[in-house]
Structure formats: structure tokens, C-alpha cells
Amino acid sequence: MVSVRLIIADDDPGIRYILRSIVEGFGAEVLAEAENGHHAIQQTALHKPQLILLDVSMPEMGGFPALKYLRKAYPELRILMVSEYSQNAYVREALRLGANGYLVKSYCASELRPAIQAIMAGRTFVSAPVANYQSTANGAM
């Protein structure tokens with residue numbers, strides 16, 4: 001895999017540790033970590049990553065408001081939403097706001113690498129448990 005420079009934004013330090021371990025295991029460079037959307041925006045401005053792993057649910061500012069801001073401020077930034085939620089509504093909202101992909105946390109061990117590869121290659125990635133969202137999203141994607 002081509003080296004990817006990224007930021008991990010999740011309010012759970014244990015999840016950040018797991019995500020860091022996985023991505024560093026295949027050669028990605030973690031530039032910073034953030035515990036909420038505000039901090040993710042600050043770290044993005046400071047480090048200029050290629051990719052951000054952005055949790056949907058965080059205190060102070062969640063992933064969707066941060067996604068909306070980041071997409072406008074950094075249109076070239078790749079954004080992978082990472083969430084415990086596997087409902088179609090979350091996937092549709094993430095993609096509507098400009099996320100490049102949506103990954104369910106319980107699938108990180110098996111899907112994080114292919115998700116990053118797909119997103120960095122310009123494709124959209126949707127985690128297996130919600131991949132059928134297309135059939136209920138009126139052809140979105």
C-alpha cells in the first residue's frame with residue numbers, strides 16, 4: 001500500500017489505539033489524533049492529512065458537523081466515517097455530506113485496509129453490514 005498520511009478522530013482512546021495499530025501495521029502514518037470534531041478540524045488545519053478517519057458520534061462536535069465543515073474547507077481531503085451505527089440512514093447522511101466511505105467499527109480489523117485503499121483510489125467504500133443501503137437509497141451513489 002502507498003503510504004497514507006492520516007488523522008484519527010474518535011472520542012474513545014481505546015478505539016483510537018486500535019485504529020492506529022491497524023493502519024500503522026500496513027504502513028500508514030498517523031499524524032495526529034482527535035477526541036471530537038472541533039479538535040479534528042484543528043488537527044486537519046495543522047497537519048494537512050490526506051485522509052481522516054472520523055467517528056460519527058463524539059461529544060462537543062460530532063462527526064457529521066465536522067464532515068460538513070471539512071468537506072467545504074478541504075475538498076481534496078478523503079474522509080472515512082467510522083461508526084458503531086450500521087443503520088442505512090447514517091450511511092446515506094454521511095455520503096450526502098461528502099464522505100468518501102463509511103466503515104462499521106466492528107469490521108475495522110477486516111475492512112479498514114480495503115476501505116482506505118478504495119478511498120485513496122477515488123472509489124467509495126461502504127462496510128459490508130450496510131452495503132445493501134444502495135437498494136433503499138433511491139439509487140444514491
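Start by selecting R20: with 24% relative accessibility, R20 is partly exposed (buried is under 20% relative accessible area, exposed is over 50%, and partly exposed is in between, using a 1.4 Å probe and protein chains only). Before you click on, note that this is a predicted model, where local features need pLDDT of at least 70, side-chain atom pairs count only at pLDDT 80 or more, and totals for chains, interfaces and linings use all residues. Residues are numbered from 1 along each chain as its sequence is written, and side-chain values use heavy atoms, leaving out hydrogens and water.

What does E33 form with R20? A salt bridge, with the closest N and O atoms 2.8 Å apart (the rule: a side-chain nitrogen of Lys or Arg within 4 Å of a carboxyl oxygen of Asp or Glu). E33 sits in strand 2 (residues 29-34) and R20 in helix 1 (residues 13-25), so this pair ties together parts that are 13 residues apart in sequence. Helices (H or I, at least four residues) and strands (E, at least two) are DSSP runs, numbered from the N terminus.

Next, select K105 and D55. Their side chains meet in a salt bridge, 3.4 Å from N to O. K105 is in the loop between strand 5 (101-104) and helix 5 (108-120), while D55 is in strand 3 (residues 51-55), 50 residues apart. Are they buried or exposed? Both K105 and D55 are buried.

Hop over to helix 4 (residues 88-96), where E93 and R96 lie three residues apart, about one turn of the helix. E93 and R96 form a salt bridge at 2.8 Å between the closest N and O atoms. E93 is partly exposed at 26%, whereas R96 is exposed at 60%.

Last stop: select R16, R20, E24 and E33, which salt bridges with shared partners join into one network.
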